[in-house]
Amino acid sequence: MASASDPVKELADEPVDHRFKGLPPDAQAHGLTVGQLAAQRRDLFDGGFTTPVLTLDADALEHNLTALGTYAARHALAFAPHGKTCMSPQLFRRQLDHGAWGITAAVPHQARVYRAFGIGRIFLANELVDAAALRWVAAELAADPAFRFVCYVDSVRGVQLMDRALQGQPAVVDVVVELGAGEGARTGARTEDDCRAVADAVAATATLRLVGVAGYEAEVPDADPARVGAYLRRLTGLATEFDGAGRFPADLDEIVVSAGGSAWFDSVAEAFGELPELSRPVLRLLRSGAYVSHDHGWYTRLTPFNRHPEEGGLRPAFRLWTQVVSRPSPTQAFVNAGKRDIAYDLGLPEAERVRDALDGTERPATGIRVTRLSDQHAWLETDSADDVQVGDWVALGMSHPCTIFEKWPLIPVVDGDGTVTDYVRTFF
């Protein structure tokens, strides 16, 4: 009997072709697959790769995966990292191997990708009112009894639309009431009374099942530890109240309480750790996602590990290698990567390393600053005419993993000596 296929492993069978930026042109000419190219263990700098090329540091990836897996286990948190960050089935597999309960999604397309690659538990952190998507979810649940799906509800009207879409469908959909983080924040029912009304609307349906409460603490206005902690205590208090009032159905095995981005997971761990015993076990579900690659700016400044270094730390895994294509003056240079290749929504990239085009030596990118981006160029300002020359490779560090991953459908994973050992496929 033939063994079941593994869609993650089958990604290695994709041909290396024009879809994938920065990969060696000769790989396509020779008809290589991604797996065959990885097996060659080429050197990033003399193995035929073209610039710009985004890379992931193999050691940093493993470090980060271990760090959050260990943190979650230490604080008795289940972990459903937000998959929108990387949209990479290979990294999902590794997150699950490091103890993740499941993977979080934001929109139906992401959930469909997850299911195509065998993800068995999905937490969708949005109210899902798309009728076609709801019918797809119901069909997935009916076809696979082991599949677990949970999504937000945050309005009575949303519940009514969901109920309408699910009439006659073969499965009941589990939902959690989202408590908004405050006026002017993003989604979520704004008050406890609003949450009660949403819960009552769910109870009036035969198509939805209330399984818990959830929220997103990073949206707290003027967030600081005190304000974030107060919001999270409202969230856990809502779970306690709902349980005491008998709002959760009798057939529910566990109560879901979920929160957690990448900036305040320490506050989530503290608040969830103080949650009193409820009538059923509690799934304390953390959803941080940016940790997998971390970054060189935004999350480097925001990570809770800055407040609690004894708990661990994260390392930036991305590096975008570009090449100087013009040096029109002693204080100005241009590299061949811009908005099409670089994350820039949370700040300009930082020049990190320079690799000499003639002798291959590397040095810190001292005296070099990125001042502006065009579609296909980054503008560099330099202190000295000797800082960088035409043809030199310049490594850039960037902020915001979510908008880095999305620009690169296949990303080389590089060991410390420059050997490319694997390729990470993304699906945006």
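1. In the residue classes used here, Ala, Val, Leu, Ile, Met, Phe, Trp, Tyr, Cys and Pro count as nonpolar, Asp, Glu, Lys and Arg as charged, and the others, Gly among them, as polar. The model is predicted, with local features needing pLDDT of at least 70 and side-chain atom pairs pLDDT 80 or more, while totals for chains, interfaces and linings use all residues. Residues are numbered from 1 along each chain as its sequence is written, and side-chain values use heavy atoms, with hydrogens and water left out.

2. The lining of the largest pocket comprises 13 nonpolar, 10 polar and four charged residues. A pocket is an open set of points on a 1 Å grid over the protein atoms alone, with protein on both sides within 12 Å along at least five of seven lines; a cavity is a set where a 1.4 Å probe fits but cannot get out, and lining residues have an atom within 4 Å of a point. The volume of the largest pocket is about 530 Å³, and of its 27 lining residues the closest to the centre are H82, K84, R186, Y216 and Y299. Helix α11 (298-302) and strand β4 (121-127) each supply at least two lining residues, and α11 gives the most, with three.

3. The second largest pocket holds about 320 Å³ of space; of the 21 residues that line it, D57, R319, W321, V414 and D415 are the closest to its centre. Its lining has eight charged residues, beside nine nonpolar and four polar ones.

4. D57 also caps the N-terminal end of α3, with a side-chain oxygen 3.0 Å from the backbone nitrogen of D59. The 17 residues of α3 (residues 58-74) should span 24 Å at 1.5 Å a residue, and the end C-alpha atoms are 24 Å apart, so the two values agree. The helix is followed by A76, whose phi is positive, near 55°.

Note on methods: Helices (H or I, at least four residues) and strands (E, at least two) are DSSP runs, numbered from the N terminus. The expected span of a helix is 1.5 Å times one less than its number of residues. A polar contact is a pair of N or O atoms within 3.5 Å; within protein, one must be able to donate a hydrogen and the other to accept it, and residues adjacent in sequence count only if both atoms are side-chain atoms. Grid points are joined across faces, edges and corners, and a volume is the space filled by probe spheres set on the points.
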